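Subject: Structure handover

Hello,

Here is the structure you asked about. My notes on it follow below.

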Protein chains: 4
Amino acid sequence: MDAATSDTAWLQAMLDVESALARAGAAVGLIPPDAADQIASACRAQLVDIGDVAHGWAAEATPVIALVDRIRLLVEDERVARYVHLAATSQDVLDTATALVARNAFDAAAADLVGVIALLAQLARAHRDTPQVGRTLLQQGVVTTFGAGCAARLTAVNEAWGALRLWLRDRLAAQLGGAVGTLAPAGDRGVDLAREFARELGLNEPVTPWHTTRGRVAELAAAIGVLCGELAGVAQDVVLLSATEIGEVHVAAPGGSSAMPHKQNPASAVLALACAHRVPGLVSTVLAGMPQELQRSAGRWQAEWATLNELLRLLAGVARHTRASVEGLDVDVDRMRAHVDQLLAGATLDVGSAPVFVDRALARFPMSEGPTP
Amino acid sequence: MDAATSDTAWLQAMLDVESALARAGAAVGLIPPDAADQIASACRAQLVDIGDVAHGWAAEATPVIALVDRIRLLVEDERVARYVHLAATSQDVLDTATALVARNAFDAAAADLVGVIALLAQLARAHRDTPQVGRTLLQQGVVTTFGAGCAARLTAVNEAWGALRLWLRDRLAAQLGGAVGTLAPAGDRGVDLAREFARELGLNEPVTPWHTTRGRVAELAAAIGVLCGELAGVAQDVVLLSATEIGEVHVAAPGGSSAMPHKQNPASAVLALACAHRVPGLVSTVLAGMPQELQRSAGRWQAEWATLNELLRLLAGVARHTRASVEGLDVDVDRMRAHVDQLLAGATLDVGSAPVFVDRALARFPMSEGPTP
Amino acid sequence: MDAATSDTAWLQAMLDVESALARAGAAVGLIPPDAADQIASACRAQLVDIGDVAHGWAAEATPVIALVDRIRLLVEDERVARYVHLAATSQDVLDTATALVARNAFDAAAADLVGVIALLAQLARAHRDTPQVGRTLLQQGVVTTFGAGCAARLTAVNEAWGALRLWLRDRLAAQLGGAVGTLAPAGDRGVDLAREFARELGLNEPVTPWHTTRGRVAELAAAIGVLCGELAGVAQDVVLLSATEIGEVHVAAPGGSSAMPHKQNPASAVLALACAHRVPGLVSTVLAGMPQELQRSAGRWQAEWATLNELLRLLAGVARHTRASVEGLDVDVDRMRAHVDQLLAGATLDVGSAPVFVDRALARFPMSEGPTP
Amino acid sequence: MDAATSDTAWLQAMLDVESALARAGAAVGLIPPDAADQIASACRAQLVDIGDVAHGWAAEATPVIALVDRIRLLVEDERVARYVHLAATSQDVLDTATALVARNAFDAAAADLVGVIALLAQLARAHRDTPQVGRTLLQQGVVTTFGAGCAARLTAVNEAWGALRLWLRDRLAAQLGGAVGTLAPAGDRGVDLAREFARELGLNEPVTPWHTTRGRVAELAAAIGVLCGELAGVAQDVVLLSATEIGEVHVAAPGGSSAMPHKQNPASAVLALACAHRVPGLVSTVLAGMPQELQRSAGRWQAEWATLNELLRLLAGVARHTRASVEGLDVDVDRMRAHVDQLLAGATLDVGSAPVFVDRALARFPMSEGPTP
């Protein structure tokens with residue numbers, strides 16, 4: 001994940017955008033094919049000094065001017081150089097690069113998400129009928145099964161991840177509008193160019209440029225927020241159930257303490273909560289940045305990338321640590337049963353429909369086939 | 001909208017839930033039909049002292065105990081009274097009531113949302129080819145058309161509203177799990193009862209109870225956030241384009257000033273922005289409340305209703321004021337043209353693909369048929 | 001508290017501002033004394049239809065135009081009427097009214113805050129040496145005393161409330177700048193008028209008008225946020241220590257459950273947490289509204305009042321419920337001791353400097369004299 | 001600033017804490033002086049592999065265990081090694097290191113803050129009497145002076161920075177409580193050790209350990225939020241006043257555009273706004289993390305450092321870019337006058353008390369002596 005969201009990853013994503021733009025230009029006849037090839041060859045991160053681009057960002061409020069200058073130098077041929085960044089504006093490059101970075105970041109996080117889901121499914125199945133005290137407001141209530149709790153978390157994580165994947169499929173979009181959204185330099189080929197550009201990158205083609213209509217970005221931030229929240233629910237339960245006095249589960253790889261060598265801290269669950277705690281504020285930053293003015297915002301748009309990048313990194317962190325918190329989880333069935341017996345005090349055990357809800361969740365999200373949206 | 005989100009509306013929604021629960025109980029054979037009828041008859045807001053319920057909330061952290069006591073008193077017959085609130089827990093009533101309130105609130109706001117969309121479509125169509133200076137970072141850039149800006153806003157509002165309506169159709173769900181999510185008092189009819197209950201209310205049936213998996217609530221808050229953000233984009237443009245020095249549009253019903261009688265303030269657009277500004281913080285409150293513990297959260301869940309209610313009210317406010325800001329908008333085409341001519345300084349006018357993007361937006365969202373998701 | 005932050009309270013506060021403005025005008029010779037008296041007499045909430053003012057707010061984005069119209073009607077005498085709202089602008093009235101409402105709201109909440117502090121001091125003193133297991137990351141660590149935990153919370157609440165009171169003393173300010181901050185209609189008496197106006201209301205006089213420099217408002221919101229956060233720490237400990245499996249404290253007036261009659265929920269602590277949970281998002285709303293433009297903001301300023309009012313109400317709620325959660329708290333010293341003995345397993349009890357920290361906290365915040373900043 | 005908040009800066013800060021702890025231990029007689037010297041010698045960032053510490057963080061939810069292990073290895077002598085980290089817990093090291101990092105970060109940002117303040121004072125003085133149209137809700141209102149606007153911003157930035165410096169002086173505190181806040185391993189020297197520790201580092205000594213009472217941290221975050229908000233007000237005005245149609249000011253070093261070579265973007269002001277926009281969400285993250293449980297929080301505390309570090313970096317960014325936006329600002333007095341004349345349409349110019357407010361601000365914040373709290 002670190003690699004997927006590093007400065008170099010962003011640089012390469014911007015270069016991939018310029019490269020795709022050149023190829024799209026060739027496809028619709030605005031650029032000679034050989035010029036497009038030359039541009040594409042120049043668009044490699046190792047040929048660009050990332051410091052120059054960062055410096056451009058600090059001086060111009062966009063890194064793209066410096067980037068385009070560098071690509072033009074690299075292609076050498078002046079005839080070709082003028083085709084670089086054809087019809088595009090800085091925001092086109094950055095918005096589309098954001099889409100590419102996001103896609104790669106999700107690919108990188110997918111294994112941990114699948115892992116969490118598979119582990120929750122295993123726990124739900126294994127403990128479908130394991131009686132456990134249900135606790136509301138941290139007070140013992142009546143009996144349920146441990147599997148039912150896992151099935152609810154399984155359902156929730158799956159639905160949130162499904163929503164995110166649907167978003168990626170249907171809403172992750174290219175941006176190409178040029179200076180003020182008219183693609184004027186492309187003449188009557190503007191719309192064709194935009195379509196071909198999206199196709200080159202495997203991204204959705206929007207109805208119109210969306211330079212200052214940022215619902216797409218906000219939806220992504222919110223979907224990450226929801227998924228992190230559901231994952232954190234898993235971690236929260238692990239922390240509480242492993243509290244010394246409850247002690248019904250124990251993480252496989254507890255953390256230590258610099259002052260108390262006997263401590264067995266649920267470190268992974270704590271880290272998952274810590275990462276998740278940082279997410280809602282960032283989502284509000286993206287939402288608060290939505291009302292962007294006229295053809296390009298002065299300040300709100302420029303606050304998006306760093307915020308989104310942090311959200312992508314935090315999702316990866318929440319996923320990784322949540323997975324670690326349930327992987328190899330030691331479930332103390334006897335202690336669960338002892339708590340149940342104490343609560344029942346001789347009354348009949350009745351777990352109601354808990355096992356049926358487990359079955360429903362597993363039927364809906366059969367892990368053998370992997371998670372589905 | 002005020003009516004849809006008032007204290008009385010919440011009270012009636014909770015009563016509707018208890019009533020539906022009784023009818024569902026009768027449908028699956030857990031309650032005699034006549035008992036269900038009696039319970040349903042008692043579930044009317046005018047029979048309940050809202051102060052008692054509020055007092056119960058302050059004393060018990062749930063209004064439902066007082067409410068159930070009251071319904072039992074109303075049905076009088078002790079045999080019937082014990083069927084009230086069958087198998088349910090407080091959270092079942094409140095979560096399902098929230099769904100009902102939200103549905104009514106959206107119905108109440110729909111006219112203003114349709115209004116905004118229709119007005120944006122009219123403006124986009126009427127000004128498909130009206131040249132206007134495109135402004136990026138508040139600096140004059142190159143020329144576009146006023147219709148293209150309207151088309152981008154039209155697309156954005158429509159997509160955001162479409163997403164919200166899809167959410168309502170697919171995710172607005174009933175909640176029925178009983179004390180700890182097992183529906184134990186319903187014996188082997190638990191799942192049937194939950195299905196019938198959802199059907200009675202026209203709500204989706206969830207896979208499992210979702211007492212502490214709050215993705216559903218967070219998704220709703222976020223969808224409101226996105227829609228408010230897109231509407232605020234419209235209002236933001238109205239404020240900027242009606243700035244004295246730009247003066248390209250004027251709202252139909254300007255507000256005055258207590259100190260400067262000559263002022264023509266874009267009051268409606270300002271109020272839309274003010275309402276929208278309050279939304280992202282509330283969305284973060286809902287997201288931050290997601291990791292709810294075990295079978296019922298101690299604090300986070302209880303913070304949801306008031307927050308959601310405020311979000312519903314703010315959406316209504318944003319919709320109403322945004323509509324007012326564009327209804328009868330006076331578009332000064334000559335002044336737009338004068339700014340364009342000044343910028344062009346004799347160069348050729350070229351609006352690129354701006355009109356094509358207008359056509360695409362109108363083709364996708366044909367107002368004659370009303371908005372579609 | 002409800003009374004202090006009601007619509008009527010706001011209306012009366014605005015009227016108090018207009019009244020003080022008239023008296024200040026008389027004091028500096030801009031208004032005949034009898035005219036000031038007549039205006040002051042008219043400034044009573046019961047003479048004004050609150051609906052008219054609310055309607056003005058919705059139409060003009062300010063309630064003050066309708067309010068001033070009404071006062072002018074009430075004074076009847078046209079000669080006097082033109083002195084109403086002398087030199088002021090709507091924002092002067094609303095910002096100053098906000099200060100008055102805030103002051104009254106704090107007065108109303110003070111008893112509960114003093115109550116919390118006195119109760120924490122009593123607990124710290126009574127349990128200075130009561131051994132209790134210290135828990136980190138919800139794992140049993142080593143031994144401390146229950147009093148030490150109370151002393152830390154006592155210190156924190158006291159410091160946060162002290163900071164808020166210092167803010168009220170030093171930063172709660174009047175606003176009087178007129179249309180664009182020049183007080184032009186007051187001729188060369190502008191600064192004198194502003195000084196006298198602040199003096200009349202017992203508010204601080206700012207260096208310059210602060211129509212678009214909102215640090216003052218943000219500081220207030222943040223100070224409320226910090227105080228609510230510290231109070232919530234108290235409630236959080238009550239919830240955790242009263243968890244069934246820990247069971248070291250029990251609230252005096254537990255809440256019930258609509259589904260589980262045996263439940264003893266820490267309802268007051270839960271409500272305190274619920275109120276506190278809603279605060280940080282609102283603080284971010286105020287902070288995000290800070291960069292207000294030129295001489296008056298179009299949207300951000302108008303979002304402040306409702307947000308601040310909600311913060312004041314939530315502070316009252318957190319204070320009330322936190323107090324209820326510790327008032328009459330049943331501390332199970334034996335159970336605390338049993339947990340300690342279990343942890344020590346025969347090792348020597350050592351509570352280190354815990355009692356000394358209790359002494360330090362009590363020396364710093366001696367409750368017999370009441371809390372000090 | 002980057003250096004002050006880098007990973008290496010944090011590592012060195014943690015080492016400085018361990019070093020100060022050893023020296024404090026020696027001062028109160030708990031450690032032989034030569035052992036303290038050896039420990040202090042080992043506490044240099046270049047001797048520690050930062051990757052090991054990061055790895056410890058990911059595995060244990062604290063970097064301090066790995067750090068202490070490394071220091072113990074470095075001192076070699078087993079007799080000395082056991083004095084490393086004397087009586088402390090991980091949180092003591094991290095909380096105190098946070099204080100050191102914050103102090104250094106403010107030192108690094110001070111030059112830009114002084115710069116902004118000095119520049120605003122110069123503008124206020126130079127344009128004390130320069131007539132400018134006052135704009136409310138972006139509508140032309142009546143006349144003020146450009147200096148009066150600068151004086152209001154000057155006052156606001158100065159007050160916010162003054163508040164932050166008072167906080168640093170009075171509230172920036174050391175943390176030393178050991179495992180659960182009792183400092184038990186220090187025997188009867190616990191309080192002395194804590195006092196000496198704070199003295200060594202030049203930090204305030206708290207009344208009690210504050211492991212789970214986080215008001216201090218929240219106050220710092222909020223004070224940064226307020227200062228960033230006031231600075232952003234400056235940048236916002238620069239953006240608006242340099243809008244093409246207003247054009248009353250121009251930044252000294254405008255940014256370009258990748259698509260429109262003629263553009264003169266107020267890039268520095270835009271970047272200041274972008275940095276400032278990211279702040280309120282982070283402040284809410286810190287506030288939401290306040291209710292920390294019992295003797296150490298499982299998740300909320302661990303979310304603080306990264307958030308605070310980001311806040312420190314953003315403050316530096318806002319300060320730097322705001323300074324750049326006003327440094328060498330080109331004020332077009334003629335254009336200001338032309339707008340005034342147009343508005344007056346022959347009426348008499350009256351700037352009221354605007355110049356007096358400038359004088360008051362300059363008297364309060366005399367730049368020749370540098371800014372004062």
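Is Leu137(C) buried or exposed? Leu137(C) is buried, because its relative accessible area is 6%, and the cut-off for buried is under 20%. Keep in mind throughout that this is a predicted model.

**Two positive phi values in chain C**

Leu137(C) is also worth a look for its backbone. Its phi is positive, about 55°, although Leu137(C) is not a glycine. Most residues other than glycine have a negative phi. Leu137(C) sits in the loop between β1 (131-136) and β2 (139-145) of chain C.

Glu76(C) is another case. Its phi is near 65°, again a positive value in a residue other than glycine. Glu76(C) belongs to the loop between α4 (64-75) and α5 (78-81) of chain C. Glu76(C) is exposed, because its relative accessible area is 70% and the cut-off for exposed is over 50%.

**The hairpin in chain A**

In chain A, strands β1(A) and β2(A) form a hairpin, with 2 residues between them. Leu137(A) is in the turn and has a positive phi of about 55°. The strands, residues 131-136 and 139-145, pair in the antiparallel sense over 5 bridges. One pairing to check: Val133(A) has Val143(A) in β2(A) as its bridge partner. Strand β1(A) is mostly covered, with 6 of its 6 residues buried.

**Chain A against chain B**

This contact takes 75 residues from chain A and 75 residues from chain B. The two chains bury about 5,900 Å² between them. Of that area, 66% is on carbon and sulfur atoms. Three residues, Val207(A), Leu294(A) and Phe357(A), supply 13% of the area that chain A buries against chain B. That is more than any other three residues supply.

Now the polar side. There are 6 salt bridges between chain A and chain B. Glu205(B) forms a salt bridge with Arg360(A), and the closest N and O atoms are 3.0 Å apart. The interface of chain A and chain B also has 24 residue pairs in polar contact, both residues at pLDDT 80 or more.

Which elements of chain A are involved? Those that each supply at least two residues of the side touching chain B include β1, β2, α7 (146-171) and α14 (354-364) of chain A. Helix α9(A) gives the most to that side, with 15 residues. By class, the side of chain A that touches chain B has 35 nonpolar, 23 polar and 17 charged residues.

**Chain B against chain D**

Here 25 residues of chain B are in contact with 25 residues of chain D. Chain B and chain D bury about 2,100 Å² between them, with 56% of it on carbon and sulfur atoms. The rule finds 2 salt bridges across this interface. Glu245(B) forms a salt bridge with Arg135(D), the closest N and O atoms being 2.8 Å apart. Residue pairs in polar contact between chain B and chain D number 14, both residues at pLDDT 80 or more.

On the side of chain B that touches chain D, the elements giving two or more residues are β1 (131-136), β2 (139-145), α9 (215-241) and α13 (333-344) of chain B. Strand β2(B) provides the largest share of that side, 4 residues. The residues of that side divide into 11 nonpolar, 10 polar and 4 charged.

Best regards

Definitions and conventions
Residues numbered from 1 in each chain as written. Chains lettered and ligands numbered in written order. Predicted model: local features only at pLDDT ≥ 70, side-chain atom pairs only at ≥ 80, totals over all residues. Heavy atoms only, no water. Buried < 20%, exposed > 50% of the residue type's maximum accessible area, 1.4 Å probe, protein only. Pairing = 2+ DSSP bridges. Contact = heavy atoms within 4.5 Å. Buried area = accessible area lost by both parts, 1.4 Å probe. Salt bridge = Lys/Arg side-chain N within 4 Å of Asp/Glu carboxyl O. Polar contact = N/O pair within 3.5 Å; in protein donor to acceptor, adjacent residues only side chain to side chain. Nonpolar A, V, L, I, M, F, W, Y, C, P; charged D, E, K, R; others polar.
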